[in-house]
Amino acid sequence: MPGALGRRDTFARLLLDAVTSRNYALLAALVVVVLVYLLRRFGGGFIPFFNTDRGGAVLVLGVSLAGAVANALVAGVPFSLALLLTALQVGLTAAGGFTIIKRILFGSAAIARAELAGALAAGQVAEKAAAIAVLEQLDSRGGK
């Protein structure tokens, strides 16, 4: 499987770059990716939910949330509701909040429909933006 080997090599390079450049945010994100991969790969046999889109989203959110809480506790922040809310915010941000929410709430079929609708809307917006740019150019030439 040359494709899988190439992805592993790219991931290993990213991991090494994150460590050597002391990019701890990227390193934390990569650790989340590895943990979720391992949980889905080996835990999915015991808990089939882990192998679904929603299960993966819940895992990413849970691992991110746990990591944020653990990091704060190690730094000496006392455990509180504010810490949990901040950790939830960090977890949602780290996991790509919008993607997580849409995967948990709507599943794959609704996501595919929403992506198609978004692509159509983006095309319409791009066409209108191009038309506006042309009109602005024509208007700026008329003023000279």
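This is a predicted model: local features need pLDDT of at least 70, side-chain atom pairs count only at pLDDT 80 or more; totals for chains, interfaces and linings use all residues.
1. Leucine 81 is exposed, at a relative accessible area of 62%. This residue sits in helix α4. Leucine 81 belongs to a nonpolar patch on the surface, together with Leu73, Phe79, Leu84, Leu85 and Leu88. The accessible area of these residues comes to about 580 Å² together. Helix α4 spans residues 81–95 and gives the most to the patch, with four residues. In general, nonpolar side chains in soluble globular proteins tend to be buried together. The patch, by contrast, is on the surface.

2. Glutamine 89 is also placed in helix α4. Its relative accessible area is 54%, and the cut-off for exposed is over 50%. Glutamine 89 therefore counts as exposed. Its C-alpha lies 8.4 Å from that of leucine 65. Along the chain, glutamine 89 and leucine 65 are 24 residues apart.

3. Now the overall build. The protein chain has five helices and zero strands. Read from the N terminus, the order of elements is α-α-α-α-α. Of the 144 residues in the chain, 20% are buried. The chain exposes about 10,300 Å². Carbon and sulfur atoms supply 70% of that area. Take the contacts between residues at least 6 apart in sequence: 39% of them join residues at least 24 apart.

4. Which residues form the largest nonpolar core? There are six: Val32, Val36, Phe50, Leu59, Val60 and Val63. Two elements each give two or more residues to this core, α2 (24–43) and α3 (53–74). Helix α3 gives the most, with three residues.

5. Just after α3 comes glycine 76, with a positive phi of about 95°.

6. Is glycine 56 buried or exposed? Its relative accessible area is 6%, and the cut-off for buried is under 20%, so glycine 56 is buried. This glycine is placed in helix α3. Beyond its neighbours within four places in sequence, glycine 56 is in contact with Val36, Arg40 and Phe50. The C-alpha atoms of glycine 56 and valine 36 are 7.3 Å apart in space. In sequence the two residues are 20 apart.

7. What does valine 36 touch, leaving aside its neighbours within four places in sequence? The contacts are Gly56, Leu59, Val60 and Val63. Leu59, Val60 and Val63 are core members, as is valine 36 itself.

8. Valine 33 is found in helix α2. Its relative accessibility is 45%, so valine 33 counts as partly exposed. Its C-alpha is separated by 7.7 Å from that of valine 60.

Note on methods: Residues are numbered from 1 along each chain as its sequence is written. Side-chain values use heavy atoms; hydrogens and water are left out. A nonpolar core is a set of buried Ala, Val, Leu, Ile, Met, Phe, Trp, Tyr and Cys residues joined through side-chain atoms within 4.5 Å. Buried means under 20% relative accessible area, exposed over 50%, partly exposed in between (1.4 Å probe, protein chains only). Contact means heavy atoms within 4.5 Å. Patches are made of residues with over 30% relative accessible area and no salt bridge: like charges are joined within 9 Å, nonpolar side chains (Val, Leu, Ile, Met, Phe, Trp, Tyr) within 5 Å. Accessible areas come from the Shrake-Rupley method with a 1.4 Å probe; for residues, only the protein chains shown count as cover. A salt bridge is a side-chain nitrogen of Lys or Arg within 4 Å of a carboxyl oxygen of Asp or Glu.
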